[in-house]
Every structure is written in structure tokens, then in C-alpha cells.
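Keep the viewer open while you read.

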Amino acid sequence: MKRTNYIIANWKMNGFEKSISLIKSIQKHLVSKASNSPKVIICPPFTLLSNFIKKSKKQIKFGAQDVHHEDSGAFTGSISAPMLKELGVDYVIIGHSERRQYQKESILELEKKINSAFSNKLRVIFCIGEKLEEIKKRSLILKKQLRSLPKKISSKNIIIAYEPVWAIGTGQTPTLNEINDIHKSIRKMIYKKIGKEAFKISILYGGSVNSINANLILDLSDVDGALVGGASLKSKDFCKIIDSSH
Ligand code: PGA
């Protein structure tokens with residue numbers, strides 16, 4: 001089954017207003033490409049979203065890197081789904097391992113965030129992945145993390161990103177065979193939850209994707225795109241990754 005391909009940039013806590021030049025060069029690249037390019041989503045820090053959205057054309061969509069589960073209230077420092085929607089944001093990353101680790105986000109908390117995103121018509125990029133010490137029980141860990149997903153998920157409201165924690169920012173990745181097999185087993189887990197719709201949901205790989213390995217990773221039958229951290233901050237590298245998507 002043909003699924004939508006996505007190349008998603010996770011800028012993490014990087015970028016300033018001047019980084020609009022990076023957006024512009026990606027945009028220029030997309031315009032020059034044939035129509036079969038993947039969907040490109042940029043997730044900069046909250047502070048840049050408004051201006052970037054105003055200054056960009058429709059080739060690029062924008063996502064936030066997190067969202068609070070309540071719509072409003074006494075939650076100092078937090079940003080809600082209606083606030084993101086008001087800015088013109090279309091996507092939100094939920095469950096990134098850095099937030100699971102540093103903000104101690106739980107399975108239940110992530111479920112609430114996903115529900116809030118859905119209620120406000122935001123599409124969710126949901127990250128799952130095992131830590132190095134969890135490799136042997138990977139399947140169990142991924143199954144547990146997938147418990148945050150409500151039954152109403154579909155290819156229209158969710159993108160899954162498999163990101164082994166030990167591969168993020170380390171230059172290491174699982175082997176190509178491993179990546180493809182893990183993606184297949186994730187799809188089986190989702191199938192058990194929602195049935196046939198699982199075959200339509202895009203499952204991306206993330207963790208040390210770069211301009212050199214992207215071609216091979218994106219060529220795998222069960223990989224429907226990439227979530228890119230470090231390499232998304234360099235225009236040449238990111239455009240090369242976009243071009244590697246089939
Ligand atoms: P990386 O990060 O590409 O720098 O490994 C990926 C991510 O954290 O989403």
C-alpha cells in the first residue's frame with residue numbers, strides 16, 4: 001500500500017529569526033523539484049513558529065515540538081493546542097524521548113496530549129523508541145509506549161516516528177534490516193489496536209539520519225520517511241535527505 005512520505009525537521013532548541021534563510025532555501029529547493037517530493041514539515045522552537053508560518057509558502061508545513069494537554073489555565077510556561085492552531089500550526093511532535101527523559105512525560109500524560117491535539121485538529125507526530133539498555137526487551141517497550149495512542153488514530157491524524165534513543169545524535173543506527181523489521185512489528189502492534197487502517201499510517205525512522213545514510217534508510221519498504229534532528233539544521237544536508245525520499 002502506498003503511504004505518504006514525510007521528511008520532518010526537528011530543530012530542538014536551535015534557531016533564531018535569522019534561520020528564516022534556512023526555510024527559504026528549503027522552499028526554493030522544493031519549488032525546483034518534481035511534484036513527487038515528500039511532505040516536508042519543519043518543527044522549530046515555539047518562538048519562531050508565528051513569523052516562519054507568515055513568511056513561508058505552502059510547500060512547507062509547520063509543527064511544534066510539544067503541547068500541553070489542557071486548552072488553557074494556570075500552567076506557567078506551557079503552550080496549548082488551541083494556541084498552536086491559532087498560529088496556523090498543523091502538526092505537533094508528542095512523546096520525543098528528550099521530553100520523556102527530561103520532563104518525565106508518562107504514558108498517560110502523552111495520551112492526554114494526543115487527545116488534546118486531536119480535539120484541536122492538530123496532526124500528531126508520535127515518537128517511540130527504546131533506550132540502549134532496553135534493546136533486548138524492545139518489543140515490550142514499544143508496545144507499552146503505543147498504549148498512549150487512542151483508538152481514534154488514523155492516517156489522517158497520526159504519524160509514528162520510531163527513534164531508538166541510543167541512535168539520537170550519536171551517529172549510530174540499527175542495521176537496515178533491523179530498521180525494516182522493527183517498523184513491520186510496530187505496524188503489527190498498531191494493527192492489533194485499530195485493524196486495517198494501520199496499513200495506511202506512515203511510520204518514519206529517526207536517529208542519526210544524515211545526507212549519506214538517508215538514501216538507504218528511505219529505500220526500505222516499511223520506512224515512510226524520516227524525522228531528522230542535527231542534519232535538518234544544514235540546508236544542503238536536509239535538501240539531500242529530501243531528495244533521498246522515494
Ligand atoms: P538526530 O535527532 O537526527 O540528531 O539524531 C533526531 C531526533 O531527535 O528527532
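## A patch on the surface

M1, Y191 and F199 make a nonpolar surface patch of about 340 Å². Patches are built from residues with over 30% relative accessible area and no salt bridge, where like charges are joined within 9 Å and nonpolar side chains (Val, Leu, Ile, Met, Phe, Trp, Tyr) within 5 Å. Areas come from the Shrake-Rupley method with a 1.4 Å probe, and for residues only the protein chains shown count as cover. M1 sits in the segment before strand 1 (6-10); helices (H or I, at least four residues) and strands (E, at least two) are DSSP runs, numbered from the N terminus. M1 is exposed, with a relative accessible area of 67%; here exposed means over 50%, buried under 20%, and partly exposed in between (1.4 Å probe, protein chains only).

A word on the ground rules: this is a predicted model, in which local features need pLDDT of at least 70 and side-chain atom pairs count only at pLDDT 80 or more, while totals for chains, interfaces and linings use all residues. Residues are numbered from 1 along each chain as its sequence is written, and side-chain values use heavy atoms, with hydrogens and water left out.

## The nonpolar cores

Which residues touch the most other members of the largest nonpolar core? They are I26, I42, F126, I160, I186 and I190, out of 62 residues in that core. A nonpolar core is a set of buried Ala, Val, Leu, Ile, Met, Phe, Trp, Tyr and Cys residues joined through side-chain atoms within 4.5 Å. Helix 7 (residues 176-194) provides the largest share of this core, 6 residues. Apart from this core lies another, of 12 residues, with Y6, Y91, I125 and C127 among them.

Beyond its neighbours within four places in sequence, I26 is in contact (heavy atoms within 4.5 Å) with V40, I42, I60, F238, C239 and I242. Helix 9 has F238, C239, I241, I242 and S244 as its buried residues. Their cover includes strand 1, helix 1, strand 2 (39-43), helix 8 (214-218) and strand 8.

## Two buried loop residues

H96 occupies the loop between strand 4 (91-94) and helix 4 (97-102), and counts as buried at 5% relative accessibility. Its side chain makes a polar contact with the side chain of E163 at 3.3 Å. Such a contact is a pair of N or O atoms within 3.5 Å; within protein, one must be able to donate a hydrogen and the other to accept it, and residues adjacent in sequence count only if both atoms are side-chain atoms. Setting aside neighbours within four places in sequence, H96 is in contact with N10, K12, C127, E163 and I168.

S232 lies in the loop between strand 8 (225-228) and helix 9 (235-244). Is S232 buried or exposed? S232 is buried, with a relative accessible area of 0%. The S232 side chain reaches the backbone oxygen of G229 at 2.7 Å and the backbone oxygen of V228 at 3.3 Å. Leaving out neighbours within four places in sequence, S232 is in contact with A9, N10, W11, L22 and F238.

## Salt bridges

Side chains of opposite charge can pair when their charged atoms come close. The structure holds 11 salt bridges, each being a side-chain nitrogen of Lys or Arg within 4 Å of a carboxyl oxygen of Asp or Glu. One of them joins the side chains of K12 and E98 (2.8 Å, N to O). This pair links distant parts of the chain, 86 residues apart, with K12 in the loop between strand 1 and helix 1 (20-32) and E98 in helix 4. K12 is partly exposed at 23% relative accessibility, and E98 is partly exposed at 25%.

K113 and D66 also meet through their side chains in a salt bridge (2.7 Å, N to O). K113 lies in helix 5 (residues 107-119) and D66 in the loop between strand 3 (60-64) and helix 3 (81-87), so the pair ties together parts that are 47 residues apart in sequence. Both K113 and D66 are buried. Another salt bridge joins the side chains of K200 and E197 (3.5 Å, N to O). Salt bridges that share partners join D66, R99, E105 and K113 into one network.

## Positive phi angles

K12 has a phi near 55°, a positive value in a residue other than glycine. S208 likewise has a positive phi, near 60°. S208 lies in the loop between strand 7 (203-206) and helix 8, and counts as buried at 16% relative accessibility.
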